[in-house]
Amino acid sequence: MPLRNIVLPLLSCREVGGGSTIEQCLTCARDVAAQVGQGWRAVIGAPDYKSYLAHHAAYHPGATPLSEREYVKMYIERRYNRPGAGRCC
Amino acid sequence: MSDRALLRDALPNRSISMLLWAGVAALGAFAFAGIALNRNEPVSAAWLVTAAICVYLIAHRFYGRFVAEKVLKLDPTRMTPAERHNDGLDYVPTNKYVVFGHHFAAIAGAGPLVGPVLAAQMGYLPGTLWILVGVVFAGAVQDLVILFCSLRRDGRSLGEMVKMEMGPVAGSVALVGTLAIMIIILAALGLVVVKALGESPWGTFTVAVTIPTAMLMGVYMRSIRPGKVGEASAFGVVVLLLAIWYGQFVAKDASLGPAFTYSAPALAWAIIIYGAIASMLPVWLLLAPRDYLSTFLKIGVIVALAIGIYLVQPDLKMQAVTRFVDGSGPVFSGPLFPFLFITIACGAVSGFHALISSGTTPKMLERETDARFVGYGGMLMESFVAIMALSAACVLDPGIYFAMNSPAAVIGDTPQRAAEVISNWGWVITPETISQTATDVGEHTILNRAGGAPTLAVGMAQIMGQAFGGKALEAFWYHFAILFEALFILTAVDAGTRAGRFMIQDLLGNIYAPLGRTESMFSNVVATLLCVAGWGYFVYQGTVDPLGGVNTIWPLFGISNQMLAGIALLLATTVLIKLKRERYAWVTLAPTAWLLICTLTAGWMKAFSSDPRIGFYALANKYSEAASAGTLLAPAKSIAEMQRVALNNYICGTLTVMFVVLVVVMALFTIRISLKALRNTMPSAVETPPAVREGGLAGAAA
């Protein structure tokens with residue numbers, strides 16, 4: 001994998017704002033932190049309500065999404081309680 | 001877009017890339033030269049790790065790419081299951097770095113930590129070479145090709161794919177095989193924990209604390225702050241660290257100490273009862289929170305160990321090759337070929353990964369081409385863990401290594417006797433050194449703690465102790481390492497028992513339909529108890545059989561795991577031939593052949609060798625004959641114990657024969673189907689019809 005694929009996304013903040021005010025930097029840092037947090041949750045397989053809402057809005061507009069409590073309940077149940085939901089040796 | 005375009009132009013790709021790869025190759029060659037030329041003086045473990053990393057980088061860039069582009073023809077324009085079925089739950093297109101982390105967390109468990117530690121008795125070189133060659137040409141290839149097959153079949157599981165491509169009979173054979181392997185794996189892992197915690201109040205206390213801690217986390221994540229895994233895990237990690245620290249006072253306490261001191265057979269019962277109850281509790285209460293906790297620790301420990309090895313640069317004290325390559329070693333018996341290749345399973349090639357590569361991972365990839373990094377690269381990462389485990393075992397004084405890993409039948413159970421026997425082998429050690437090592441890590445004894453975990457823990461404790469905290473913290477790091485392994489072994493026991501239960505229900509459902517209903521309480525209890533009884537039998541016998549234990553069960557585990565890898569690679573070969581890519585079939589056929597040669601030879605020897613140190617039946621006959629003649633054979637203390645040895649070995653021998661038969665049957669299926677496909681002029685693999693995403697390459701994810 002070329003190195004620039006790793007470097008460029010890190011610099012991508014500059015593309016969005018183009019400017020360098022402190023607010024823009026902060027917004028950008030917050031975005032990056034949110035992305036890292038979301039990635040980390042996906043790595044360890046934790047429920048991610050925000051992504052669920054985004055998916056729901058995009059694919060089932062009009063329908064009522066589950067509440068956070070219901071979503072977490074269903075997510076954990078699906079992730080761990082089904083055939084083949086295994087960990088390795 | 002201007003910055004991106006500018007930067008892209010500023011980097012003259014090709015020449016920089018070529019320079020970079022030449023550099024990696026040179027560094028790798030230099031590291032290997034360092035290892036090869038310093039045969040008579042100690043080599044730093046950092047060289048071993050560096051050499052491995054260079055091999056991984058080169059393998060991923062060149063061989064991995066060859067397999068992905070030329071053999072599998074991964075197509076970035078073809079829609080993946082995640083895109084076709086995007087449901088926001090199971091099928092979710094995900095960034096490839098995230099899928100990599102997720103996949104790695106699912107494949108890496110205790111396996112790559114245990115096998116290499118046992119294999120260290122032959123020296124560090126044979127193990128290292130097999131881990132590196134095995135992963136590049138067999139393990140990573142298997143993971144990648146199975147991931148590819150599943151990607152092209154809507155994320156179907158290995159069992160379903162065998163059924164689709166090789167027919168229902170082959171599917172059932174594979175299902176029975178997978179169940180048997182699951183039981184053996186759980187038994188081996190359970191035994192590792194039991195051996196590590198026997199007579200260790202400090203360790204037992206910290207592991208016991210994980211259960212209520214995980215339950216508190218579970219309640220927190222479900223009711224108090226739904227879904228806040230990070231907060232709950234932070235709480236869990238802090239509690240566990242406190243528990244490790246407090247454990248030393250528990251061990252010394254007059255009333256608490258004995259309350260947490262258990263013999264190995266008692267702990268075997270404890271883990272059996274635990275397994276039965278835990279796998280019937282709701283998943284949110286114990287399984288899910290502890291899984292999050294162990295994932296955190298797993299990633300943390302692997303990173304810390306890598307940093308530790310580079311900071312401390314400990315010397316490898318084990319020789320490159322020891323005299324035990326001849327098969328006379330105490331840790332596992334049998335010569336280098338074929339036993340090294342089944343002892344190190346995970347880390348070189350692990351059949352179990354085929355189940356993960358055809359599980360959640362294929363449902364997450366957003367591009368087919370990401371499969372190389374995730375499937376091939378993920379396995380390289382696991383191999384890296386195995387190399388570090390091997391290093392940690394080899395930086396120990398070999399005397400200590402053999403004291404910890406040899407069975408009591410060989411080296412006795414006192415430091416004096418152990419020091420005498422081991423010194424006679426040529427690794428001079430004093431009883432004081434053995435006792436001092438035990439004291440340093442806060443244990444009464446370190447003798448006969450086969451199973452990898454404690455050895456790795458002492459090695460890690462010495463590395464981490466030197467890197468962070470010095471001698472004073474060695475005992476803390478030791479128990480941290482034990483806890484870390486126990487944590488994911490208990491998770492595996494829990495999750496594995498559930499998986500085994502589903503398989504048993506699947507099988508029983510064919511005989512009597514109500515037993516196959518996964519929502520029926522009665523069926524669940526019956527299947528769970530059957531599964532627990534299966535692995536529990538081996539765990540318990542491993543603690544009471546004077547000749548049994550990890551040294552008996554681990555070869556069985558290795559054979560079964562490599563056998564599953566053989567089945568997966570046979571499927572992969574069938575698929576390649578059915579796709580009319582027979583020109584490249586050697587990519588999977590060569591590792592298949594090697595695995596079959598190793599597994600079948602090892603299986604044959606384990607079952608029928610006339611040497612009772614190797615052959616299950618030979619040992620069983622020896623003890624059963626002596627028992628009927630009424631002569632007592634050491635180390636058994638009674639005729640009843642001898643009959644138990646005989647029975648256990650008959651069972652293990654029969655299982656081994658069963659595994660051999662399974663592999664041969666699957667190989668015959670492959671040959672038949674492949675010959676038929678070769679005569680076909682058209683591809684006949686059953687893939688989901690291709691669909692190109694709207695907007696082509698740029699489509700959905702842009």
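Student: Which residues of α10(B) meet which residues of α11(B)?
Tutor: In this predicted model, the residues of α10(B) that take part include B:Pro201, B:Trp202, B:Phe205, B:Val209, B:Met217 and B:Tyr220, and they meet a set in α11(B) that includes B:Val229, B:Phe235, B:Val239, B:Leu240, B:Ile244 and B:Gly247.

Student: And how do the residues of that contact divide into nonpolar, polar and charged?
Tutor: The contact of α10(B) with α11(B) has 17 nonpolar and six polar residues, and no charged ones.

Student: At what angle do those two helices pack?
Tutor: The angle between α10(B) and helix α11, which covers residues 229–252 of chain B, is about 155 degrees, and their axes are 9 Å apart. Angles over 145 degrees count as roughly antiparallel, and α10(B) and α11(B) are therefore roughly antiparallel to each other. Their crossing is right-handed.

Student: What about α9(B) itself, how does it cross α13(B)?
Tutor: Helix α9 (residues 168–197) and helix α13 (residues 264–278) of chain B have axes that come within 9 Å and cross at roughly 135 degrees, and the two are therefore oblique to each other. The crossing in which α9(B) passes α13(B) is right-handed.

Student: Which residues meet there?
Tutor: From α9(B) the contact takes B:Gly190, B:Val193, B:Val194, B:Lys195 and B:Leu197, while α13(B) contributes B:Ala264, B:Leu267, B:Ala268 and B:Ile271. By class, the residues of this contact are seven nonpolar, one polar and one charged.

Student: How do α23(B) and α24(B) cross, then?
Tutor: Helix α23 (residues 474–511) and helix α24 (residues 521–544) of chain B cross at roughly 115 degrees, with axes that come within 8 Å, which makes α23(B) roughly perpendicular to α24(B). Here α23(B) passes α24(B) in a right-handed crossing.

Student: And what meets what in that one?
Tutor: Among the residues of α23(B) are B:Thr497, B:Gly500, B:Arg501 and B:Ile504, and they meet a group in α24(B) including B:Ser523, B:Asn524, B:Ala527 and B:Cys531. The contact of α23(B) with α24(B) divides into six nonpolar, six polar and one charged.

Student: Stepping back, how many helices and strands does chain B have?
Tutor: Chain B has 28 helices and zero strands. Its radius of gyration is 25 Å, close to the 27 Å that the globule rule gives for 702 residues, so chain B is as compact as a globular protein of that length. The C-alpha trace of chain B spans about 75 × 60 × 60 Å along its principal axes.

Student: What does the domain assignment give for chain A?
Tutor: The assignment gives domain 1 (1–46) and domain 2 (47–82), and the contact takes five residues from domain 1 of chain A and four residues from domain 2 of chain A. On the domain 1 side, the residues that touch domain 2 are two nonpolar, two polar and one charged.

Note on methods: Residues numbered from 1 in each chain as written. Chains lettered and ligands numbered in written order. Predicted model: local features only at pLDDT ≥ 70, side-chain atom pairs only at ≥ 80, totals over all residues. Domains from an automatic or database assignment. Contact = placed C-beta atoms within 7 Å. Nonpolar A, V, L, I, M, F, W, Y, C, P; charged D, E, K, R; others polar. Axes fitted to C-alpha atoms, helices over the stretch in contact; angles between N-to-C directions. Helix = DSSP H or I, 4+ residues; strand = E, 2+ residues; numbered from the N terminus. Parallel < 35°, antiparallel > 145°, perpendicular 65-115°, else oblique. Left-handed = near helix turned anticlockwise from the far one by under 90°. Rg over C-alpha atoms; globule rule 2.2 N^0.38 Å.
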